[in-house]
Amino acid sequence: MSRTGTTVERKISHYDVLQVPQNATLEEIRKSYQVLALQYHPDKRKCKLPEAHESDHFIRIDQAWKTLRDDRLRRIYDAELMQQTEEYFVNEILTDADFERDEEGNFCFHTCRCGGYYILPEETPVHEPIYVSCDECSLVVQVNLGRMH
């Protein structure tokens with residue numbers, strides 16, 4: 001599966017604050033948190049930053065850890081992050097050749113692994129990828145159109 005989309009407004013995420021990838025394990029997140037907490041804790045700093053920056057950064061590190069360590073809060077946060085970035089989790093990349101016409105020739109479809117269907121919209125931009133959702137589940141495919149329609 002791949003991700004695609006555009007970022008609307010790039011904010012620093014909890015993952016950025018803790019310097020870990022979004023697919024990091026809890027153990028990786030914990031280790032990064034411990035290193036950063038020691039590095040930025042106001043009582044542990046060797047070289048002094050301006051106090052406002054110092055405490056703000058430590059607070060962000062602590063908040064990121066409190067969110068990402070809790071499985072439920074992390075799932076909620078990830079869903080909110082995905083909505084902000086308008087990303088699609090693309091299950092498969094298809095071409096127009098992967099789609100069949102129905103018996104009456106009214107529409108083109110491709111069968112999803114759940115048994116539902118990806119149905120191409122009637123009017124589609126040629127030579128631009130489109131994203132089609134399954135009519136039964138939450139999977140999305142990217143369709144690279146060439147000559148169909």
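## A tour from sheet to cysteines

Start by selecting strand 3 and strand 4 (residues 108-111), which pair in the antiparallel sense over two bridges. Strands here are DSSP E runs of at least two residues, while helices are H or I runs of at least four, both numbered from the N terminus; two strands pair if DSSP finds at least two bridges between them. You're looking at a predicted model, where local features need pLDDT of at least 70, side-chain atom pairs count only at pLDDT 80 or more, and totals for chains, interfaces and linings use all residues. Residues are numbered from 1 along each chain as its sequence is written, and side-chain values use heavy atoms, leaving out hydrogens and water.

Now click Arg101: Cys108 in strand 4 stands opposite.

Next, select Cys114 and Cys134. Why is there no bond? The sulfur of Cys114 is 3.6 Å from the closest cysteine sulfur, in Cys134, and that's too far. For Cys137, the closest cysteine sulfur is in Cys114, 3.7 Å away, again too far for a bond. The whole structure has zero disulfides (a disulfide is a pair of cysteine sulfur atoms within 2.5 Å).

Last stop: Asp62, in helix 3 (residues 51-68). Buried or exposed? Asp62 is buried, at 19% relative accessibility (buried is under 20% relative accessible area, exposed over 50%, partly exposed in between, with a 1.4 Å probe and protein chains only).
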